[in-house]
Amino acid sequence: MDLKGVNNLSKESILIVEDEEKIVRLLEIELDYEGYETGKALDGIEAFDMFLSQKWDLILLDIMLPGMSGIELLRRIRGKSSVVPIILLTAKDSIEDKVSGLDLGASDYITKPFRMEELLARIRAVLRMSQITIPTSPIDDEWIQFSDLRINEKTRDVFRSDLEVSLTPKEYDLLLYLLKNKRQVLDRGQILESVWGYDYYGDTKIVDVYIRYLRKKIDANHETALIHTVRGVGYVLKDAT
Ligand code: CA
């Protein structure tokens, strides 16, 4: 098994939203060094697109942005029922922005210019907090959410990027199993046993066939694939390569 690949799965991802390229570059270097995966957006509109297109563990959000202010962006993100932790980067004299930012659900803020050590400490604290609280969708108890994939366990409704996906019962069972074990590499035998039961023991080809069906419905026409093959082992549901 490719252990390096598996370890990478647990890398936490941080979206840097900041229009000053010097600060962005500095943050990228520091966060990369600390073992985080980073993405960047230089204006509010790009940032909102990036927020929608993949799952982030944390967003660093500058308030003074071209295109759309950080506060407006924060409002839109929370409007999507997202609970992603957000740390605001604020100018020294914008107390009102800090207050409205925290009112709108920012996790914390830090005043520019900041010391990198302090920012890193806050990032760690906020990420730790977010792991203790709600791991699934805040929308409704019955919804399980991962990236832009949502499954309702009661109604068996499946959505990807807000588009409804129609699955056969077995496809649904398989997807639910992958989702409940997201980011874990699952071998074919394990999947077979859990989804099909002991009757099919040994005939793991059926897993490959159904994974192919699922991919057509879940991943085709989407920029980010969620179902990944782990060569020689099996499959994993994850949102980063
Ligand atoms: Ca700025």
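Donors here are N, O and S atoms within 2.8 Å of the metal (3.2 Å for Na, K and Ca), and water is not among the atoms, so sites may look incomplete. The model is predicted: local features need pLDDT of at least 70 and side-chain atom pairs count only at pLDDT 80 or more, while totals for chains, interfaces and linings use all residues. Residues are numbered from 1 along each chain as its sequence is written, and side-chain values use heavy atoms, with hydrogens and water left out.

**Stop 1: the calcium ion**

Select the calcium ion and the protein donors around it: D19 (OD), D62 (OD) and M64 (O), at 2.1 to 2.4 Å. Along the sequence these donor residues follow the spacing D-x42-D-x1-M. D19 sits in the loop between β1 (13-17) and α2 (21-33), whereas D62 belongs to strand β3 (residues 58-62); the pair, 43 residues apart, links distant parts of the chain. Helices (H or I, at least four residues) and strands (E, at least two) are DSSP runs, numbered from the N terminus.

Is each aspartate buried or exposed? Buried means under 20% relative accessible area, exposed over 50%, and partly exposed in between (1.4 Å probe, protein chains only). D62 is buried because its relative accessible area is 3%; D19, at 30%, counts as partly exposed.

**Stop 2: the parallel sheet**

Two strands pair if DSSP finds at least two bridges between them.

Select V17, whose bridge partner in β3 is L61. There are 4 bridges between β1 and β3, and 4 also join β3 to β4. In β4 the bridge partner of L61 is L88.

Axes are lines fitted to C-alpha atoms, for helices over the stretch in contact, and angles run from 0 to 180 degrees between N-to-C directions. Contact means heavy atoms within 4.5 Å.

**Stop 3: strand β4**

Show the side chains of β4. I86, L88 and T90 point one way and I87 and L89 the other, and all are buried. With 5 of its 5 residues buried, β4 is therefore largely enclosed by the rest of the structure.

**Stop 4: helices α8 and α9**

Select helix α8 (residues 188-195) and helix α9 (residues 205-218), whose axes come within 9 Å and cross at roughly 80 degrees. That makes α8 roughly perpendicular to α9 (65 to 115 degrees). R188, I191 and L192 in α8 meet I206, V207 and D208 in α9.

End on D208 in helix α9, which is partly exposed with a relative accessible area of 23%. Leaving aside neighbours within four places in sequence, D208 is in contact with R188 and Y235. The C-alpha atoms of D208 and L192, 16 residues apart along the chain, are separated by 10.0 Å.

**Zooming out**

The chain holds 9 helices and 12 strands, and 43% of its 241 residues count as buried.

Conventions. Parallel < 35°, antiparallel > 145°, perpendicular 65-115°, else oblique.
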